[in-house]
Amino acid sequence: MTIQALKGFKDILPEEVGLWQHIEASARDILHRFGFAEIRVPILEKTELFARSIGEATDIVEKEMYSFADRNGDSVTMRPEGTASVLRAFIEHGLQTRLPVQRLYTIGPMFRHERPQKGRLRQFHQLSVEVLGLDHPRLDAELIAMAWLILEELGLTTSLQINSLGCPACRPAYKEALVNFLAARQDLICEDCRRRTVSNPLRVLDCKSSHCQEQYVDAPAILDHLCLGCADHFAQTRASLELLAVPYAVNPFMVRGLDYYTRTTFELLTDTLGAQSAVGAGGRYDGLVAQLGGAKGMPGIGFAMGLERLVLLLGQQNADACPETATDLFVAALGEEATVKAFPLVHLLRRKGLQVAMDLEGKSLKSQMKQADRAKARFALILGEEELAKGEAVLRDMTSKEQQALPLAGEPEALCAVLVTAIASTAQ
Ligand code: HAM
């Protein structure tokens, strides 16, 4: 029996990789413009790191983490997100002493044992972006505008929702108001929501049951409970977003699946990926660095985008974003003598930067021309016995079918130079 990949773990096949590279290159380019530096952090961390940051009472920590005892018996976890690891590295290496405001990003696989479906995997990839050291609302707007720009430059249309989740000064009073509201409706809501009323009341607002959602229409809204500082921060974030002309909607019932958020939260949503509507999401986490043992009062904000979801969206909305790259030249050598001559020439051409293919076995002309078509070669160089006898090779433009004879005599460098010039002079 053949062995297949694990459920929710997906191979990214060669024909898909172009889209991935296009997305990553486009995002990296924008991150660079905004002053971000890449950081690469391990996939495996101490379980405690995620329990302490994401929160013990979240779905991720309660039931989705790939945690196991390693060979020493220590509990380790395959990272379910990037933020906790980036902050751990930030604290561990004292990065704030090098630069007061750190702008960091990382790209890589994350692991959550969720029920797989379209756009939801157990191994998925995130672009995860964090800024540490500044709590000014203009930064919140700048970061959201950057996320918006990443999608815009990919040619993707999404909608943006924002909210404020308050801070440790104002959230407890809101939580209490919400718990009182829920207490009066325990008979009307699902078991999960009843459980969460006690363990993590804000999360009930995210319940997928339409029946529960009907009950929550009149639930108290956090925005009516913000302290002066949080209300002002949110107002300034909104004003700054308007200055940057980023269109948004305020959703006072938007809560996040991770417990570390304070103040601004946001989600970039689409209605074309079925149940998986968020292509990116994030927010401010001003207490998280301290919670992980770092400097007290070190603010932070960030977001992550799901690359699988971006790939799906790009396929739907902008399929031509990434045209297939064509081979510059296919060298068709026929027979052993010609193949031996062509072999070092191909290497030389590749050293000069051309994308060149050849058949290493010197198969028939028909077979090789088929290969040249399959490789979408712009040119073919034919070295047959006849050509060899004449001391020539034939360069064929595969689009116009025009042919020219090139001298084979002398060092391969000479022919190489002629080919490089001939190919470069033909506009793509
Ligand atoms: P998150 O909302 O859990 O936030 O995930 C961010 C994005 O990752 C989602 O919007 C979605 O696009 C993608 N994603 C999440 N789970 C899956 C999955 N199972 N399959 C495919 N894609 C998925 C975070 O992870 C935070 N660390 C974001 C952040 C960074 N907040 C501040 N800094």
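Good morning. The chain is divided into domain 1, residues 14-170 + 226-317, and domain 2, residues 329-420; these bounds come from an automatic or database domain assignment. The C-alpha centres of domain 1 and domain 2 lie 50 Å apart.

Two remarks on the basis of what follows. This is a predicted model, in which local features need pLDDT of at least 70 and side-chain atom pairs count only at pLDDT 80 or more, while totals for chains, interfaces and linings use all residues. Residues are numbered from 1 along each chain as its sequence is written, and side-chain values use heavy atoms, with hydrogens and water left out.

I begin with the ligand. It is surrounded by 27 residues, and the closest are Glu81, Glu114, Glu130, Arg256 and Tyr261; a residue is near a molecule or strand if one of its heavy atoms lies within 4 Å of it. As for polar contacts, these are pairs of N or O atoms within 3.5 Å; within protein, one must be able to donate a hydrogen and the other to accept it, and residues adjacent in sequence count only if both atoms are side-chain atoms. An N or O atom in the side chain of Arg256 is 2.7 Å from an oxygen atom of the ligand. The backbone also takes part: an N or O atom of the Ala278 backbone lies 2.9 Å from a ligand oxygen, and one of the Val279 backbone lies 3.2 Å from a ligand oxygen. On its own the ligand has 660 Å² of accessible area, of which the protein covers 96%; areas come from the Shrake-Rupley method with a 1.4 Å probe, and for residues only the protein chains shown count as cover.

Which elements give two or more residues to the shell around the ligand? They are β6 (123-132), β10 (278-284) and β11 (300-306), and β10 gives the most, with six residues. Helices (H or I, at least four residues) and strands (E, at least two) are DSSP runs, numbered from the N terminus.

I turn to helix α11, residues 307-317, where Leu312 is found. Leu312 is partly exposed, with a relative accessible area of 30%, whereas Leu307, Glu308, Arg309, Leu310, Val311, Leu313 and Leu314 of α11 are buried. Buried means under 20% relative accessible area, exposed over 50%, and partly exposed in between, with a 1.4 Å probe and protein chains only. The buried residues of α11 pack against α1 (14-33), β5 (102-111), β6, α5 (137-153), β10 and β11. Leaving out residues up to four places away in sequence, Leu312 touches Lys118, Gly119 and Leu273, contact meaning heavy atoms within 4.5 Å. Leu312 and Leu273 are 39 residues apart in sequence, and their C-alpha atoms are 7.8 Å apart in space.

Next, the strands. Two strands pair if DSSP finds at least two bridges between them. Strand β7 (residues 159-164) runs antiparallel to strand β9 (residues 262-269), joined by six bridges, and Asn163 has Thr265 in β9 as its bridge partner. With strand β8 (residues 249-250), β7 pairs in the parallel sense over two bridges; there Gln161 stands opposite Ala249.

Finally, strands β15 (residues 392-397) and β16 (residues 403-407) pair in the antiparallel sense over five bridges. Val394 has Ala405 in β16 as its bridge partner. Five residues lie between the strands of this hairpin, where Lys401 takes a positive phi near 65°. Thank you.
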